[in-house]
Amino acid sequence: MKLRIEDSASVSIGLRAKTGRAIAVVLCGRLDAPQVLKRVELKLADPAFPETSQPYHEVLDLPWEKAQTAVRKIASRIEKLASKEVARLVREAQAEGAIVCGVGIVGAGDRNLEKIGSTHIRAHAAEGVLFRKVLEVGAAANALPNRLFDERNLDQTAELELKLPIAKIKAQLAEMGRSAGSPWRADEKAAATAAWVALAAKRRESSK
């Protein structure tokens, strides 16, 4: 889908962290009616290294402290993947005449993982945090300002910062989906919301 980038060449990237991947939405245009410039999936797992898909599941049998140490090398590999994938997305946006001004990342918030008794549940929770953090590393590696949005309170944050009621935000997200086409699920909407808030923050900053 080819769009004309209106009002400003600045665009923002929204990333929804998932295990082994991320949903990316690039927004451009007016703040009251942003448009989807690009929607892609970033690969954060390397098939040549299966442990990168669920790193904490690889160390389920280890005590928690040793498990964290063992995962560091795997995490480093995933960080490199994330940096390359973000760089590719930035290049694609630039090819459309856009200037990427920032990244909003939706994912699991920090929590005390050690207190989770079930090793399997803890592995899933730890991977949620890890794949969010590697996106932060990937954005920073590409010199992009980035901000974390906790998946648990994204709607409240969007209402506050966009100064719009959640019903209006959801209606606009639905309109974005109609224009962008399928797939447009909860993950794409979350990524778009993060991109929208990031774009609004940058535009406010630029207008000062």
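## A first look at the sheet and its helices

Across this predicted model, the mean pLDDT of the protein is 93, and 95% of its residues reach 70 or more; pLDDT is the predictor's confidence in each residue, from 0 to 100. Over residues 1–5, however, the pLDDT is below 50, and this stretch has 16 contacts in the model beyond near neighbours in sequence. Contact here means heavy atoms within 4.5 Å.

A word on how to read what follows. Residues are numbered from 1 along each chain as its sequence is written, and side-chain values use heavy atoms, with hydrogens and water left out. Because the model is predicted, local features need pLDDT of at least 70 and side-chain atom pairs count only at pLDDT 80 or more, while totals for chains, interfaces and linings use all residues.

Helices (H or I, at least four residues) and strands (E, at least two) are DSSP runs, numbered from the N terminus, and two strands pair if DSSP finds at least two bridges between them.

Strands of a sheet pair through backbone hydrogen bonds, either parallel or antiparallel. Here, strand 4 (residues 99–107) and strand 5 run parallel and are joined by 5 bridges. Valine 106 stands opposite phenylalanine 149 in strand 5.

Now for two residues. Asparagine 146 belongs to strand 5 (residues 146–150), and threonine 193 to helix 5 (residues 186–207). Buried means under 20% relative accessible area, exposed over 50%, and partly exposed in between (1.4 Å probe, protein chains only).

| Residue | Relative accessibility | Class |
|---|---|---|
| Asparagine 146 | 29% | partly exposed |
| Threonine 193 | 3% | buried |

Not counting residues up to four places away in sequence, asparagine 146 touches Val103, Ile105, Glu136, Ala139 and Ala140. Threonine 193, leaving aside its neighbours within four places in sequence, is in contact with Leu154, Ala158 and Leu173.
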